[in-house]
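Let's take a friendly walk through this structure together. Keep the viewer open as you read.

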Amino acid sequence: MNRKSPLLLVGVGGAGAAMARGVRRAFGEPLRIVLADTDAATGRDDAPFVLLGGDRLSGRGSGGDTVQARLAAEDSAKSFDEHLEGVRLAVVVTAMGGGTGSGATYEMVRHFADAGVPSMVFATLPFSFEGEDRQRRAAGMKSMIEDVAGAAFFPPLDQLVGGCDGMEEAMRRATDTLASGVTLFWRMLEKPGYIRLDAERVRAIVASAGKARFACATASGEGRAAEVADAIARSPLLAHGSGPVRSILCGVLSGDDLRLSEISRIADGVRDAFGHAAKFELSTVNDEATFSGRLSVVTMLFESGDGVEEPAHGEATAGARPRRTRRAVNPLASGQPERGRFTNVQPTVWKGEDLDIPTFVRRSITLDI
Amino acid sequence: MTNINAALEIGTSRTVLAVGEGKPGERLKVTCHAEIPSTKIRKGQILDMKQATRSVQSVLRETEKHKDESGDSFAICNAFLVVSGQHVKADPFQGVAIVGGGKVSAADIDEAVRSAHSMPMPPERELLDVVEQAYTLDSLGGISSPKGMSGRTLKLDTLQIHADANRINDARTAAEGAHLELRDPLFAAVCAADATLDDRERRDGALVLDLGGGSTGYAAYCDGYLVAAGVIGVGGDHVSSDIAYAFQTTHAQAENLKTHEASAIVGLDREASERVSVPGFSPLMEAKTVSRRALDTVVNLRLKELLSIIRETMEARDLLHRMHAGVALTGGGAAMRGLDELAQRELGLPVRIGKPSNVDGLDDVANPASYAAVAGALLYAHSNYERKPLFGSLFKGLFR
């Protein structure tokens, strides 16, 4: 395990742990990793593992209960502190829709943020056929995770499988696609080439990047640069955002044969596709052993944060810079937080929190009543 | 001669009056007691004086229905007041004496004690108790009996427990309206500790958590001394209020759910997937059901938060790891299902329900821990006023 790295890979829940293992395998070298789950069986290999809510759930899993998973993660939050030592950016991989991936991720990312470590969250959204309940659960936690994460990517599984029909193959492809994207990103930071983007710069971008999209593409042979640029421009994973793109992170990974004209072709293609107003950050990786003859591109689009370049005089802006604030009240509650029968008495305040407001409201826990 | 004393607690959830009798040097027995639900009291603050007075009158009437041990009726003219609420504070203060003859004399000790009792108190605060701790002679601390020891400066550490004078005066006014004179105000958590802890527990280190309706008092003991005390302004009323808000019920229904259905640990002893019935609060409203898991979750979150505050408070004073004898839960909230187990998990200490084992006569009470504070107040009165009987066995109405 590379204890000195400022990057920490965190796999949450069974699917998240599988993805994190996939990244570790694909990376091929030691990386800082920690897996977390409410199910003790997930901690079966040598990767550092945090059992979430051991006292509460006895290592049997959350049973698909998001609230229990949140409470479990809250119980075990302090267990992550030793893993966060020296970490500047946490990369969290998980799957939404189940209990632990949806519920625990929010609490963990919130704890990381409180510890001064921004997170990039890569979380798959359930297949559309998985039912309304899982979709609703994922959607509810998605907006909460977006509130606390530095940057959050939520690729739908429908798009990650890329037309595969076989169940097993589709799931493997979804996991591989996400894992390979994260691996490319990891490689970009850990093995920078001539044009480098270090973890500190990425941290600055990610710290307030907000909603984000990502895609990656690989090609080889003549015309590979044009091929990956087109693939990125046409990727359904990058197609639908909720706001204008404010910054772009583009990593070009290749062997020793990477040419300047190829970098230029890719950069132009990406900027043409997603806008020249957005701040553009480029990084290259030259790794002959891994990418001999191939060229891979990973592209991340961020919708908020400090990345956007100021418009020229008189140029119209695409909209005011969004302000992202951590949600403080129950989404179910309207208006002022509820002090109920304590409205007219001296409030009980602890560390700035009004304890007369129900705890579940202050923690933004939506109850399945 | 048998001493007879009464103790009154005007709490957020209930008003309690108890009478204790005992001969000097013998165990105290609670001979009669009564409680009625309080109304319009929030976090220990009286919001309706008339209601508070009526509550005191009612509880007096109920208590006086009992006869004393000789079979006579009696009238209660005065009572010790048990005080709780987040306005109660405890501050350390040191009394100092310069040792005259090189060895500590009785006069030096008296001077240190006198000095320790002279902490200036602002007019809006009323002193409840000065709890003496250990002596320090020059740099040697932890001395329990310094007489005859050599040194130059004698210091006595104390804990000064004080409360908002207006809140205590409100209680006095409510009691006076019911023709009941209030004697010393006493801090509920310390009283509860007096009734539940034995000497060994105080020496080994013990924490008493007195879970009231509007607040939770704590009293921590180490080496036989009270080393920390205070109140967190969160109690059982907050749990009920959270339930009422979560499930859109009345406070009474929420109280009922808290008492009979909810658990501090989700799904403890019962299937979390069950649904719990909530009767309609008027004939026009239909009964509804709520998820037990959601109900337990609301309660768990609130109590876990409260316990984490207690833990942080104790850790900040470097005391938690010294509580070798564990934690005693007292007050009405101690009966909450699963609270002892949750407290054990959150505090990492052995936890027990603090029955008032230092007094007799409460065996018939459904939740004896809820009487710990008044029992402790009676013990205090029994120990400190044994030569001054506060009332005799009198025919009812004689002193009214």
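The paragraphs below go from one chain to the other, ending with the contact between them.

This is a predicted model, in which local features need pLDDT of at least 70 and side-chain atom pairs count only at pLDDT 80 or more, while totals for chains, interfaces and linings use all residues. Residues are numbered from 1 along each chain as its sequence is written, and chains are lettered from A and ligands numbered from 1 in the order in which they are written.

Let's begin with a helix pair in chain A. Helices (H or I, at least four residues) and strands (E, at least two) are DSSP runs, numbered from the N terminus. Helix 1 (residues 13–27) of chain A and helix 7 (residues 167–190) of chain A have axes that come within 8 Å and cross at roughly 50 degrees. Helix 1 of chain A is therefore oblique to helix 7 of chain A; angles under 35 degrees count as roughly parallel, over 145 as roughly antiparallel, 65 to 115 as roughly perpendicular and the rest as oblique. Axes here are lines fitted to C-alpha atoms, for helices over the stretch in contact, and angles run from 0 to 180 degrees between N-to-C directions.

Which residues meet here? From helix 1 of chain A they include Gly22(A) and Phe27(A), and from helix 7 of chain A they include Ala179(A) and Trp186(A). Contact means that C-beta atoms, placed from the backbone, lie within 7 Å. By class, this helix contact has nine nonpolar, four polar and two charged residues; Ala, Val, Leu, Ile, Met, Phe, Trp, Tyr, Cys and Pro count as nonpolar, Asp, Glu, Lys and Arg as charged, and the others, Gly among them, as polar.

Now turn to chain B, with its 10 helices and 19 strands. Six of the strands form an open sheet of mixed pairing, in the order 11-6-1-2-3-19; strands pair if DSSP finds at least two bridges between them. Strand 11 (181–187) and strand 19 (359–360) of chain B are the edges. Inside the sheet, strand 2 (residues 14–22) and strand 3 (residues 28–37) of chain B run antiparallel, joined by eight bridges. Helix 1 (residues 49–64) of chain B lies across strands 1, 2 and 3 of chain B, at about 135 degrees to strand 3.

Finally, look where the chains touch: chain B gives 24 residues and chain A gives 19 residues. On the chain B side, helix 8 of chain B provides the largest share, seven residues.

Technical notes. Contact = placed C-beta atoms within 7 Å.
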